[in-house]
Amino acid sequence: QLSKSVAFLDTSHHIKPMKSTSLLASFWLGAVVRGAASFAPTNYYHLHHTTIKQKRQQQLQTSLYIRGGGDSMSSSSLSSVLGPAADAVGSALVSGTPLRAVGGMWAVSSLVIVPLTFIRQGYSFSVGYGFSVAAMALTLLSSFDISLSTLTSSTPAILTATTVIYGLRLALFLLLREFSVDSKRKQIKSFDKTPRLKRTPLALSVSLLYAFMCSPALFALRGAVKAGSVWEKVQLVSTGVAFFGMILESVADQHKYEAKRKSKETEDKFVGPSSWSYKLVRHPNYLGEILFWVGLFGAGSVSFGKSIVAWLCGSLGLAAILSIMLGSSGRLDAKQQEKYGGQPKYEEWKDAVKYSVIPFFK
């Protein structure tokens with residue numbers, strides 16, 4: 001079942017947002033209020049974990065009063081659900097063992113992926129992918145009390161903010177594509193072949209994969225590199241690679257969407273795109289995605305140290321997304337050859353652009 005869903009990635013590449021459960025909505029309300037309250041000029045690297053925990057508890061109480069009206073029954077009810085869960089996740093991310101911290105990431109990812117997968121099985125690999133990545137990164141920014149000054153002066157903070165933008169952009173793009181391309185909507189529905197409750201193992205497995213993929217951002221925030229060291233430069237360059245990859249994927253996605261939207265979906269005629277980044281490789285959107293995750297891993301790996309958990313989770317996440325992207329590009333090449341093979345415009349473009357995803361590697 002998992003392998004079939006992974007194979008679906010090359011054509012759908014992601015999908016529609018969930019209807020928020022009360023728990024998820026409450027969790028994110030608390031996170032947003034805490035994040036807003038934490039925007040004060042401070043350096044989180046110099047804060048002790050106990051101080052961060054105390055600030056989080058104080059901000060949580062503020063968010064509860066805002067939501068529940070002070071000492072009302074609704075505040076008490078919300079506290080019983082939101083308080084322990086949010087505090088446990090935040091504490092695990094900031095000061096828990098590496099294994100507990102990754103577990104916290106998994107919990108946040110699951111809050112997004114599981115409900116989406118119940119709605120549509122294919123959503124786990126579509127908009128769920130984007131929204132879960134954004135949710136984990138937003139949780140990190142809130143849990144580590146990232147301030148405005150830190151956001152512009154700290155490379156790990158910039159990396160995490162870039163991850164938020166990456167996830168939100170991808171999810172919103174895929175929503176737009178689903179609502180405007182009828183064939184994509186039908187394709188997504190066609191994957192609903194498993195009863196909802198039986199989709200849970202798939203949803204949890206995918207959530208864990210996304211937690212592994214985003215774990216380098218977690219460890220970049222947990223462990224500062226020495227100022228002026230070569231590792232600081234590596235982290236900065238890697239963050240730049242991730243940012244560039246995000247931009248490349250965004251432009252390539254939009255370029256392909258516009259080209260396909262102007263054509264009739266029923267026509268088996270190659271319409272491109274065949275210009276701009278599509279002159280470099282045949283699938284520049286996949287190249288951008290690879291660059292983003294390679295950059296994220298590079299920026300976080302300098303803070304892994306001797307942590308086996310950090311190295312194992314980060315490496316597994318990177319290996320998985322690389323395998324998915326390279327496999328998807330190969331399948332898409334085969335599909336295009338079958339559909340457009342023999343058409344002069346397609347053959348001319350294919351002969352001119354010899355590389356599928358990575359330049360100089362066929």
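This is a predicted model: local features need pLDDT of at least 70, side-chain atom pairs count only at pLDDT 80 or more; totals for chains, interfaces and linings use all residues.
I started at Ile358, which is partly exposed at a relative accessible area of 32% (partly exposed lies between buried, under 20%, and exposed, over 50%, with a 1.4 Å probe and protein chains only). Ile358 sits in the segment after α15 (344-352); helices here are DSSP runs of H or I, at least four residues, numbered from the N terminus.

Residues are numbered from 1 along each chain as its sequence is written, and side-chain values use heavy atoms, leaving out hydrogens and water.

Next I looked up salt bridges, meaning a side-chain nitrogen of Lys or Arg within 4 Å of a carboxyl oxygen of Asp or Glu. I found eight by this rule. One of them pairs Arg169 with Asp253 at 3.2 Å, N to O. Arg169 is in helix α9 (residues 155-180) and Asp253 in helix α12 (residues 230-261), so this pair ties together parts 84 residues apart in sequence. Asp253 is buried, at 5% relative accessible area.

I then checked Glu258 and Arg261, whose side chains form a salt bridge of 2.9 Å, N to O. Both lie in helix α12, three residues apart, about one turn of the helix. Glu258 is partly exposed, at 24%. Elsewhere, salt bridges with shared partners join Arg120, Asp192 and Arg199 into one network.

Within that trio I looked at Arg199 and Asp192, whose closest N and O atoms are 3.8 Å apart. Buried or exposed, Arg199? Arg199 counts as buried, at 4% relative accessibility, whereas Asp192 is partly exposed at 23%.

Note on methods
Helices (H or I, at least four residues) and strands (E, at least two) are DSSP runs, numbered from the N terminus.
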